[in-house]
Amino acid sequence: MIRLIVSDIDGTLLHGTQSELNPQLFSLIQALNQRGILFAPASGRQYHSLRRLFAPAEDRLCFLCENGAEIYGPSATEEDAVPLFRSQISRDICDPLIDHILASPNRSALISCCNLSYLICRHDAFLERIANFTGNRYVVVQDKSQIPDPIIKLAAYCENGSDRTDAEMGEVWRSRGLTVSQAGREWLDFTLANKGTGLQELCRVWNIPPSEVMAFGDNYNDKAMLDLAGHPVIMDNAVPALRALYPHHCFRVEAYLSAFISSL
């Protein structure tokens, strides 16, 4: 029995340069809700960005935000929402990590706080993506000293590719207790939590065993979530090494969910 479905966004529900979800998804979410099945986007994006993306169904969804560092249940409005879980990273770790990210002129930094991003920007493409593609609430700053809020996630925007940055920085910060995940060709994310942590907390709040969860993902930052879920589904566009770990594959989440609903 499936009681909760969680899905990554970029590379999973959105492919390539897509910026809007397939409208069919919202009718499928409604059909799932009518059968008592919750749906939760699970993304490195912030809460504001996710509610905006899922506007036709935003009041009926749970949200795993910031790669599992912040979780919300259904709420009528964004302003009334109270996080169910939030994982904060101490400034003793954040400040030198920001310096390390910015040690290369090929990197910009995104610092995630409670439903607000602070950007230390060196690339027009970075600011363009945050402003016009992800739709974050954000403030551009020049230095980490201008960030007054508790930090829940950091991300490096890597002009030369996240794989190079991971090779340079990854093990240093994993050894300090952070989860370091490539979240796309240009993105390397740093959190204390991960999507598996977020899913575990969501299951605890709703009293749903992980065995009754279906999860969709396409990248290494989805692996902890896929490993925890009883029914993991990997996208056909995932790298072969990751795709080989899971028996269930799909090309489009909407087609997989449609078939699943028809089988109920």
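Okay, so helices here are DSSP runs of H or I with at least four residues, strands are runs of E with at least two, and both are numbered from the N terminus. With that in hand, look at Gly-36: Gly-36 follows helix 1, and its phi is positive, near 80°.

A word on the model. It's predicted, so local features need pLDDT of at least 70 and side-chain atom pairs count only at pLDDT 80 or more, while totals for chains, interfaces and linings use all residues. Residues are numbered from 1 along each chain as its sequence is written, and side-chain values use heavy atoms, with hydrogens and water left out.

Let's stay with helix 1, residues 24-34. Its buried residues (buried is under 20% relative accessible area, exposed is over 50%, partly exposed is in between, with a 1.4 Å probe and protein chains only) are Leu-25, Phe-26, Leu-28, Ile-29, Ala-31 and Leu-32. They pack against strand 1, strand 2, helix 2 and helix 9, where contact means heavy atoms within 4.5 Å.

Six strands form an open sheet in the order 8-7-6-9-11-10, and the pairing is mixed; two strands pair if DSSP finds at least two bridges between them. The edges are strand 8 and strand 10, each pairing on one side only. From one strand to the next, the twist averages 20°. Angles run from 0 to 180 degrees between N-to-C directions, and axes are lines fitted to C-alpha atoms, for helices over the stretch in contact.

Over at strand 8, three bridges join it to strand 7, and the two run parallel. There you can find Ser-117 opposite Tyr-138. Helix 3 packs on the sheet, touching strands 6, 7, 9 and 11, and its direction makes about 155° with that of strand 6.

At the end of helix 3 sits Leu-102. Is Leu-102 buried or exposed? It's buried, with a relative accessible area of 17%. Leaving out residues up to four places away in sequence, Leu-102 touches Arg-107, Ser-108, Ala-109, Ile-120 and Arg-122.

Strand 11 deserves a stop. Strand 9 joins strand 11 through four bridges, antiparallel, with Tyr-157 opposite Trp-187. Strand 10 also pairs with strand 11 in the antiparallel sense, over four bridges, and there Ser-181 stands opposite Asp-189. Strands 10 and 11 make a hairpin with four residues between them, and Gly-184 in the turn has a positive phi of about 145°.

Last topic: pockets. On a 1 Å grid over the protein atoms alone, a pocket is an open set of points with protein on both sides within 12 Å along at least five of seven lines, a 1.4 Å probe fits but cannot get out of a cavity, and lining residues have an atom within 4 Å of a point. Grid points are joined across faces, edges and corners, and a volume is the space filled by probe spheres set on the points.

The largest pocket holds about 910 Å³. Of its 43 lining residues, the closest to the centre are Asp-10, Arg-129, Ala-183, Gly-184 and Trp-187. Which element gives the largest share of that lining? Helix 4, with four residues.
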